[in-house]
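Here is a short briefing for a first look at this structure. Start with the view below, then read on by topic.

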Amino acid sequence: MKDDRLLQLGQKIRYERIKRNLSQENLEELSSVSRRAISEIERGNTDIRYTNLYQIAKAFGLKVSELLDFQL
C-alpha cells in the first residue's frame with residue numbers, strides 16, 4: 001500500500017514540473033536526478049532521498065519546504 005504523503009509529494013513535484021512546461025528528461029538535466037527516479041517519485045512508488053528532493057526543489061527555484069506544502 002502506498003503512503004499518502006509520498007503520493008502527495010509526487011503529485012506536487014509533477015504539478016510543479018508541468019507548470020514549468022518541463023518533461024521528466026528536462027527535469028533530469030536540471031536536477032541531476034534520473035528520469036526513472038523522477039517517474040517513481042511522481043507516482044509515489046519510492047521514498048525520496050533528501051538529496052534528490054533538494055536537487056528537484058533547486059531546479060524549480062523553490063525551497064524544500066515549498067515542495068512539502070501540499071496545498072495545490
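Begin with I56. Setting aside neighbours within four places in sequence, I56 is in contact with I13, L27, S31, V33, I41, I48 and L67. I56 is also among the residues with the most contacts inside the largest nonpolar core. Keep in mind that this is a predicted model.

**The nonpolar core**

- The largest nonpolar core has 14 residues.
- Which residues have the most contacts inside it? They are I13, I48, L53, I56, F60 and L67.
- Two or more residues each come from α1, α3, α4 (50-60) and α5 (64-67).
- The largest share comes from α4, with 4 residues.

**Helix α4: one face in, one face out**

- N52, L53, I56, A57 and F60 of α4 are buried.
- Why do these residues line one face of the helix? Seen down the axis of α4, the buried residues fall within an arc of 135°, so they share one face.
- The buried residues of α4 pack against α1, α2, α3 and α5.
- Just after α4 comes G61, with a positive phi of about 75°.

**Where α2 meets α4**

- Two packed helices are described by the angle between their axes and the distance between the axes.
- The axes of α2 and α4 come within 9 Å and cross at roughly 105°.
- Angles from 65 to 115 degrees count as roughly perpendicular, so α2 is roughly perpendicular to α4.
- From α2, the residues L27, L30 and S31 take part. They meet Q55, I56, A59 and F60 in α4.
- How many residues of each class make up the contact of α2 with α4? There are 5 nonpolar, 2 polar and no charged residues.

**Helix α3: a buried side**

- I38, S39, I41 and E42 of α3 are buried.
- Just after α3, G44 has a positive phi of about 75°.

**The loop between α3 and α4**

- N45 is found in the loop between α3 and α4. T46 lies in the loop between α3 and α4 too.
- N45 is partly exposed, because its relative accessible area is 35%, which falls between the cut-offs of 20% and 50%.
- T46 is partly exposed as well, with a relative accessible area of 31%.
- N45 and L6 are 39 residues apart in sequence. Their C-alpha atoms are 7.6 Å apart in space.
- L6 is also one of the contacts of T46. Leaving aside neighbours within four places in sequence, T46 is in contact with L6, E40 and I41.
- T46 and L67 are 21 residues apart along the chain, and their C-alpha atoms are separated by 16 Å.

**A residue of α1**

- Y15 has its place in helix α1.
- Buried, exposed or partly exposed: which describes Y15? Y15 is partly exposed, with a relative accessible area of 39%.
- Y15 and E42 are 27 residues apart in sequence. From C-alpha to C-alpha, Y15 and E42 are 9.3 Å apart in space.
- E42 is one of the buried residues of α3.

- Most residues other than glycine have a negative phi.
- N21 has a positive phi, near 55°, and is a residue other than glycine.
- N21 lies in the loop between α1 (4-19) and α2 (24-31).
- N21 is exposed, because its relative accessible area is 69%, and exposed means over 50%.
- S32 is not a glycine, yet its phi is positive, at about 65°.
- Where does S32 lie? S32 is in the loop between α2 and α3 (35-42).
- S32 counts as exposed, at 65% relative accessibility.

Technical notes: Residues are numbered from 1 along each chain as its sequence is written. This is a predicted model: local features need pLDDT of at least 70, side-chain atom pairs count only at pLDDT 80 or more; totals for chains, interfaces and linings use all residues. Side-chain values use heavy atoms; hydrogens and water are left out. Buried means under 20% relative accessible area, exposed over 50%, partly exposed in between (1.4 Å probe, protein chains only). A nonpolar core is a set of buried Ala, Val, Leu, Ile, Met, Phe, Trp, Tyr and Cys residues joined through side-chain atoms within 4.5 Å. Contact means heavy atoms within 4.5 Å. Axes are lines fitted to C-alpha atoms, for helices over the stretch in contact, and angles run from 0 to 180 degrees between N-to-C directions. Angles under 35 degrees count as roughly parallel, over 145 as roughly antiparallel, 65 to 115 as roughly perpendicular and the rest as oblique. Ala, Val, Leu, Ile, Met, Phe, Trp, Tyr, Cys and Pro count as nonpolar, Asp, Glu, Lys and Arg as charged, and the others, Gly among them, as polar. The arc is that of the directions from the helix axis to the C-beta atoms.
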